[in-house]
Amino acid sequence: MITRTLDRGGWIFISILIAAAIIVPILNIATSPSSPLHIPSYAVALLGKYLCYALLALSIDLIWGYAGILSLGHGAFFALGGYAMGMYLMRQIGTRGVYAHPTLPDFMVFLNYKQLPWFWYGFDMFWFAALMVLLVPGLLAFVFGWLAFRSRVTGVYLSIITQALTYALMLGFFRNDFGFGGNNGLTDFKDILGFNVQAQGTRAALFVLSCVALGGCFLLCRAIVTSKLGKVLIGVRDAESRMRFLGYRVESYKLFVFVLSAMMAGVAGALYVPQVGIINPGEFAPSNSIEAVIWVAVGGRGTLTGAALGAFIVNYAKTTFTSGFLAPYWLFMLGGLFVIVTLLMPRGIVGTFRHWVAQRKAKKDAAKAEPNGAQPQAAE
């Protein structure tokens, strides 16, 4: 059973997600707006967005924290998943668009498209769009990873190439003739599975789905990192050459976890779009991918729960500090936070806490092992 792999922190994390999935929709739907317990719909959408970011951070922690693959372009997979869902939502608009065209989205009518591009076919069906949410990021990650890992591109060189990948995609999606709405992207969504995407109940349902997706991916990641596969990945992270010498096909392990991570990022992007209401090429911006890495570093690399926690903390701070007089200084504050965490808490928040708990436990064990009257030795 996957739940057997959970430690105390994992149980707490899953319990919080379950509680949030139950309490937040109830306080949003079943309470009066005048009640102090009421959670407004905009807050539900905001929390849902944080959950999507937490899932993106989880996917990065899986490859960076356990396999040593520092991707600075994971926002590309997040955005591709978002575009796949956005294309489905655009096809649901139908004749309710500004130009009332039965087939073409508004931006295509505006740009004088005569017919629907071939890569838009099938996106009028939810199951097809859901499949593309997984397949498109996964396929791109497979091709990119197969070329990079087979050529033994590692370290800072791999990080730079991943940045180049997402930057190239951003430039491509900014083009009007690329078929994805240019710099305006995809927006003005109406329905999802026949339900009004702006309705209170739909927002609550999307929030619950985000909780389920984050919890499910967390359990999957936890099962992987505590299995033999996870031990191999940690071995690749700490001593890649030695693992090759022992006969492991390092490229295959790295490729598997990289593709899985990209698909998780795609799911995060797909859940993000209907809750935010827009997807545009700005999501491919390299700065977004770097921010996601900072979330993981702040929360604690290689802890899974820390990655999700870091995403919540940093994005809550971003929401708070970018709405007042401190808004022009947000990027400096974010950079300063990263420097402080790197210098003073290299294990991140959760990693530092776990280290502190382990030290206390070691001291207690040492004290119990000492004979009466002897002074306990300090644990390392």
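α5 (126-150), α7 and α10 (250-276) each give at least two residues to the lining of the second largest pocket. Helices here are DSSP runs (H or I, at least four residues), numbered from the N terminus. This is a predicted model: local features need pLDDT of at least 70 and side-chain atom pairs count only at pLDDT 80 or more, while totals for chains, interfaces and linings use all residues. Residues are numbered from 1 along each chain as its sequence is written, and side-chain values use heavy atoms, with hydrogens and water left out.

A pocket is an open set of points on a 1 Å grid over the protein atoms alone, where a 1.4 Å probe fits, with protein on both sides within 12 Å along at least five of seven lines; lining residues have an atom within 4 Å of a point. Its volume is the space filled by probe spheres set on the points, which are joined across faces, edges and corners.

| Pocket | Volume |
|---|---|
| Largest pocket | About 670 Å³ |
| Second largest pocket | About 430 Å³ |

Let's visit the second largest pocket. Its 19 lining residues include Phe 126, Ile 192, Leu 206, Leu 209 and Leu 271, the closest to its centre. α7 gives the most to this lining, with 7 residues. By class, the lining has 17 nonpolar, 2 polar and no charged residues. Nonpolar means Ala, Val, Leu, Ile, Met, Phe, Trp, Tyr, Cys and Pro; charged means Asp, Glu, Lys and Arg; the others, Gly among them, are polar.

And the largest pocket? α1 supplies the largest share of its lining, 8 residues. That lining has 17 nonpolar, 2 polar and 3 charged residues.
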